[in-house]
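Dear colleague,

Please find below the structure that I am handing over to you.

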Amino acid sequence: MPIVQFAPFSSLVQPSLWHKLSDLKIDVLKLSDHAISITGTYSIGRTVKDRETGREIGLPCNLSVGAEGFEEDHKPPHGSVVAVGSLKNYNTIEEFKAADKTALFNAEAQAIWDHVLKTRETSQLNRFLLITFADLKKYKYYYWFTFPAFVAKPAWEIGEEGWKSAAEELSDEQHWVQLRAIHAKLHTQTPVLPYFLIKKTPSAEGGVEIAPVEAYETFYASVPPEQQTIAFIDPSADPSNPGWPLRNLLAYLRALYPASTSRLRILRWRDSEPPASPNSGWKSQIGVLIQPGGEAAASTEGRPSAVGWEKNPQGKLGPRVADLAPMMDPTRLAAQAVDLNLKLMRWRILPELDLDKMSSARCLLLGAGTLGCYVARSLMGWGVRTITFVDSGKVSFSNPVRQPLFEFADCLDGGKPKAETAAAALGRIFPGINATGHTLSIPMPGHPIPPNAASQAQAKADVEKLERLIEEHDAVFLLMDSRESRWLPTVIAAAKGKIVLNAALGFDTYLVMRHGARTSSLSKGKDGKPHQRLGCYYCNDIVAPADSLTDRTLDQMCTVTRPGLAPIAAATAVELLASLLQHPEGLFAPAPPPTTNQTSTSESQDGLNSVLGTVPHQLRGFLNQFRTMPLVGAAYDKCTGCSETVLKAYETEGFPMLLKAFNDAKYLETLTGLDKLYDEGEGLLESVEWDEEEGEGDDDF
């Protein structure tokens, strides 16, 4: 009698599996190479008709694996059988190649065998192992499946008649009814039974009953062996070779029921739908399998040998490669690459880093000049996806060499608008960015608004647009050239409780600072200590911001700084935002005292640090000394930018209050009481009696 030949499983990997593996590798597995659970599915073998010859061609005996295989509650497609497995991902291609394939395979085969003997269940019979290496820079995935199947010794043989149509084998007038009944009963099973028993029962619906293979002893207690039919869902479309699942089913039966399973009547269930009419043929087949040697051939003393490593497309035992780069959307490739470098920080260095806080931060950049361009690039490096520029200028010929988002063509024909051009440049650098630009002139104290209706209406519209933009963003960067241009956004952002980062440049010095939270919003931190009252850009001033742009020479009109200063200040401002967002107190994060140094103990730093370190209030840099000095400035109750007096006046009066600040140079000083402070100071100086020592000249004091 001919020996039974089995059609091996052929892996069918969905691209979604590799996308999911990439996410798991970066976010969950990181450097771990421990095996994780995964499931695959297979279904009844399919055939397709050759258009030229009209012949039916069988498709491979596929086991499909996709991203859903990692989901515990995933429901497989109707009629599909679930196969459980493990995925083991290696960190390097060298580890993948050097893996002990024999040890891995034997461990999986032993796990199947032990499960059979211990539980007498069939749920692990189709167990598989997938080993992988994911090259996330090139989007190449090296993988190798093994589907362990036990080797029968001696081999199973099939009866002289071979595999016959189930309809012919039943050979009675009721075969149509019985096969339809089997089909109907299988479809009521959830999940689908991969293996099942059949017996004729005249009183049952359709004249047959089915049961799981686990019920072998009780189900067939009074059924003669020749009337027993053991069936399985056959993923093989080959009419001569049954699918791989039958191998382990036979081993299971021989291990648990050696006395009665040396001769078996096997039904290969291959009909996903019943034929349209009794005259149409059923695809399911029945054959009688015999293992020579009878009961003596069965033994549970040791695990049978097994086979199962999948061959590659060249027909050799070896791994396969999935190269997704050519088929992936370049925009998606860019997005994954941007996130990759950031997520790698969490593998070893900063596991607690919350990247979502950075990527979700909506950043408004007021100023699209040298600072604005460099701040935007640094924000993109941190994975920030929403960046908005505001600027009133156009690109000039002096800009492109210092401002990296512009090029020579942007200067032609009078120059393109800076804000919109910078936003477009970000989109070319990374298509996944949500970058927009707005040409907007920000009204300023010391720069009166002409009294005509058109000018007043335009100023009001500009203010309303700025208010709306600040409301729509989480962090506001003040990156303008003049001191007074920072006043209006300082007031609006303080009133709306937004994070404000300030960067200002000298020739070889810079200031980077964060504005403190509004005084009325302060309470106690998570540690129970009162929130720190940190000042804003104007808290050290005893005069209101005024016109600093009129009557300036050429060197005063241009930002004359050492070329390397702006990138340093911009990067510092972005890193300050990153540290602030990572701090549990956020906007209310305390600033370390100026005396804090690297030798401070962790106890003295308690509550001051985010996962990225301290969150200073101000940083003053001196490039001529290559030195950075952290400072802390307290909020001033007479500040023209963030005091409660100014904020309440703005919230109460709105645009009319702002108009007074723009038009009246003394308004803010009068509102906050700085004018009285000045008068008191002058009075004190006049009241001082200066002592003169005899013999001293009149020119000395």
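The model is predicted, so local features need pLDDT of at least 70 and side-chain atom pairs count only at pLDDT 80 or more, while totals for chains, interfaces and linings use all residues. Residues are numbered from 1 along each chain as its sequence is written, and side-chain values use heavy atoms, with hydrogens and water left out.

A pocket here is an open set of points on a 1 Å grid over the protein atoms alone, with protein on both sides within 12 Å along at least five of seven lines; lining residues have an atom within 4 Å of a point. Grid points are joined across faces, edges and corners, and a volume is the space filled by probe spheres set on the points.

Strand β6 (81-90) and helix α5 (175-187) each supply at least two residues of the lining of the second largest pocket, and β6 provides the largest share, 4 residues. Helices (H or I, at least four residues) and strands (E, at least two) are DSSP runs, numbered from the N terminus. The lining of the second largest pocket divides into 14 nonpolar, 9 polar and 2 charged residues. In this scheme Ala, Val, Leu, Ile, Met, Phe, Trp, Tyr, Cys and Pro count as nonpolar, Asp, Glu, Lys and Arg as charged, and the others, Gly among them, as polar. The second largest pocket lies between domain 1 (10-148 + 310-325) and domain 2 (157-306), because both give residues to its lining. The domain bounds come from an automatic or database domain assignment.

P191 is placed in the loop between α5 and β11 (195-200).

Cavities

A cavity is a set of grid points where a 1.4 Å probe fits but cannot get out. The count comes to 2 cavities of 30 Å³ or more. The largest cavity has a volume of about 40 Å³, and its lining consists of F9, L125, N126, R127, F147, P148, W244, P245 and N248. By class, these lining residues are 6 nonpolar, 2 polar and 1 charged. Domain 1 and domain 2 both contribute to this lining, so the largest cavity lies between them.

The second largest cavity holds about 40 Å³ of space. Its lining is made up of P225, Q228, T229, I230, S260, R263, L264 and R265. Strand β14 gives the most to this lining, with 3 residues.

Strand β15 and its partners

Where does β15 pair with β14, and in which sense? Strand β14 (residues 263-269) is joined to β15 by 6 bridges, and the two run antiparallel. R263, which also lines the second largest cavity, stands opposite I290 in β15. Two strands pair if DSSP finds at least two bridges between them.

Strand β9 (residues 157-158) also runs antiparallel to β15, with 2 bridges; there, E157 has I290 as its bridge partner. Strand β10 (residues 164-165) pairs with β15 in the antiparallel sense over 2 bridges, and S165 stands opposite Q285. Strand β15 (residues 285-290) is largely enclosed by the rest of the structure, because 5 of its 6 residues are buried. Buried means under 20% relative accessible area, exposed over 50%, and partly exposed in between (1.4 Å probe, protein chains only).

Individual residues

A cis peptide bond also joins K153 and P154, with omega about -5°; P154 is found in the loop between β8 and β9.K30 is not a glycine, yet has a positive phi of about 55°. K30 lies in the loop between α1 (15-29) and β2 (36-42) and is buried, with a relative accessible area of 16%. Y139 has a positive phi near 60°, and is likewise a residue other than glycine. Y139 lies in the loop between β7 (128-135) and β8, and counts as buried at 8% relative accessibility.

H583 is in the loop between α15 (565-582) and β24 (609-610) and is buried, with a relative accessible area of 3%. The side chain of H583 reaches the backbone nitrogen of E585 at 2.9 Å. Such a polar contact is a pair of N or O atoms within 3.5 Å; within protein, one must be able to donate a hydrogen and the other to accept it, and residues adjacent in sequence count only if both atoms are side-chain atoms.

Yours sincerely
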